[in-house]
Amino acid sequence: MNFEYDTDTAQMRDMVVNFARRDLSGPCEWDAADFRRRWQLAGKQGLAGATIPGEYGGSGLGAVAAAAMMEALGEGCADTGFAFSLAAHLFAAVMPIADFGTEEQRHRWLPGLCSGDLVAAHAITEPEAGSDALSLQTRAVRHGNGYVLDGEKCFVTNAPAADIFVVQACTDPDAGYFGLTTFVVEAGTAGLSVGPPYPKVGLRGSPTADVHFDGCVVTEEQVLGRPGAGASVFSSSMAWERTCLFAVYLGAMRRVIDGTVAYVNEREQFGAAVGSFQAVSHRIVDMTLRLESARLMLFRAAWGLDRGDRDEVAPALAKLAVSEAAVQTGLDAVQLHGGLGVVDGPAETLLRDALPSRIFSGTNEIQRNNIARALGLGARRRPVRRA
Ligand SMILES: Cc1cc2nc3c(=O)[nH]c(=O)nc-3n(C[C@H](O)[C@H](O)[C@H](O)COP(=O)(O)OP(=O)(O)OC[C@H]3O[C@@H](n4cnc5c(N)ncnc54)[C@H](O)[C@@H]3O)c2cc1C
């Protein structure tokens with residue numbers, strides 16, 4: 001085992017921290033023009049297409065290097081919502097086009113998605129199909145040499161800004177896992193409309209909205225992978241998301257822990273820095289323990305992705321560990337800042353930004369279900385013994 005980055009990854013990491021600190025840390029609220037401005041800058045630095053092969057305009061990074069990049073982005077960019085948007089674009093929408101697209105589809109969409117000119121969104125969740133993602137109501141019905149899409153999507157990250165939507169729809173309601181098909185739909189297509197951005201507790205720099213399909217006609221050339229392969233496109237993108245996207249939170253935790261250490265060393269009560277009290281210093285040690293443990297799990301999952309593992313457990317464990325650590329780190333940071341912890345600042349912002357991380361990419365309960373199934377728990381009913 002080697003716990004060191006190679007020289008290129010270490011240099012890239014430092015470059016991204018400095019770049020994100022200087023150029024990406026905008027207001028933690030969504031503003032369409034500023035979002036687009038920062039997106040283009042991030043694209044020029046290779047962040048929007050980090051894992052996409054160079055021939056399509058990307059940087060060709062593997063999962064470990066991409067996780068290092070996302071960790072650096074989360075550390076440097078105080079607007080975790082913006083970093084989340086960028087990572088969701090890359091891992092949930094752009095990677096599926098690279099992994100499952102035809103050569104024509106790749107050449108058509110990937111260069112703009114990598115350069116920062118285009119923003120992508122991934123739409124699977126529906127009002128009646130959240131955790132139960134295979135029960136989608138959005139239908140794609142055969143029509144001539146294409147399909148007609150009808151249905152409602154909700155909680156779609158980047159929807160208000162998106163130029164490209166990667167959409168999951170049901171093409172065969174009786175086919176279960178093989179009943180979903182993935183489509184790439186461009187913004188402005190007749191029959192596609194986007195609702196207003198949601199007001200959210202956290203990740204406010206990331207715009208989220210509903211997407212409606214009303215008689216939206218798409219061609220066969222817009223099917224990603226083959227018809228019926230939607231669930232496997234989705235699982236593949238979730239393995240990347242549960243690993244590399246969550247690295248953003250590792251960086252955010254690091255930034256807030258460093259800031260908290262500086263604060264408790266400076267703040268004095270009872271004639272001493274509060275950091276000298278054991279209750280305070282031990283809390284910071286526990287924050288560090290949680291971050292470092294989660295970090296090891298995440299990089300272990302990224303290493304597996306680079307080896308081509310199809311293991312569902314390592315990304316699920318990484319997602320669980322990082323999201324739970326992020327929420328607890330936010331709570332601890334608020335506590336250690338005393339009254340100032342509940343006033344607008346990095347501690348309360350991390351807590352608000354961390355809360356959604358236990359929900360998106362499959363809730364933590366669903367991750368536990370999936371891990372339990374992989375451990376052989378709850379998968380089968382005991383066979384009925386007959387005399
Ligand atoms: C900030 C944010 C960004 C998002 N971005 C996107 C996006 O870009 N694209 C997209 O398509 N979706 C996105 N989502 C949606 C997200 O994937 C769903 O919210 C999530 O899958 C849960 O679905 P739900 O909200 O319908 O909750 P539900 O499925 O209704 O779950 C409600 C509660 O019941 C629990 N539960 C449900 N079933 C079980 C079970 N079998 N066992 C145990 N517990 C269970 C859940 O864990 C949860 O606690 C985003 C969500 C958030 C918060």
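From which domains does the lining of the second largest pocket draw at least three residues each? In this predicted model, the contributors are domain 1 (7-119) and domain 3 (246-374). The pocket itself holds about 540 Å³ of space. Its lining is made up of 14 residues, and N2, F3, V64, F299 and W303 are the closest to the centre. Helix 8 provides the largest share, with five residues.

Attention now turns to the ligand. Its shell consists of 16 residues, and the closest of these are H122, T125, S131, F155 and T363. Because domain 2 (121-232) and domain 3 (246-374) both give residues to this shell, the ligand lies between them. Among the secondary-structure elements, strand 1 (120-123), strand 3 (146-157) and helix 11 (364-374) each supply at least two shell residues. Eight residues of the shell are nonpolar, seven are polar and one is charged.

An oxygen atom of the ligand lies 2.6 Å from a polar side-chain atom of S131. For T363, an N or O atom of the side chain is 2.7 Å from a ligand oxygen atom, while the side chain of T157 places an N or O atom 2.7 Å from a nitrogen atom of the ligand. Taken alone, the ligand exposes 970 Å², of which the protein buries 65%.

Technical notes: Residues numbered from 1 in each chain as written. Predicted model: local features only at pLDDT ≥ 70, side-chain atom pairs only at ≥ 80, totals over all residues. Heavy atoms only, no water. 1 Å grid on protein atoms, 1.4 Å probe; cavity = no way out; pocket = protein on both sides within 12 Å on 5 of 7 lines; lining within 4 Å. Points joined across faces, edges and corners; volume = space filled by probe spheres on them. Helix = DSSP H or I, 4+ residues; strand = E, 2+ residues; numbered from the N terminus. Domains from an automatic or database assignment. Near = heavy atom within 4 Å. Polar contact = N/O pair within 3.5 Å; in protein donor to acceptor, adjacent residues only side chain to side chain. Areas by Shrake-Rupley, 256 points an atom, 1.4 Å probe, with all protein chains shown as cover. Nonpolar A, V, L, I, M, F, W, Y, C, P; charged D, E, K, R; others polar.
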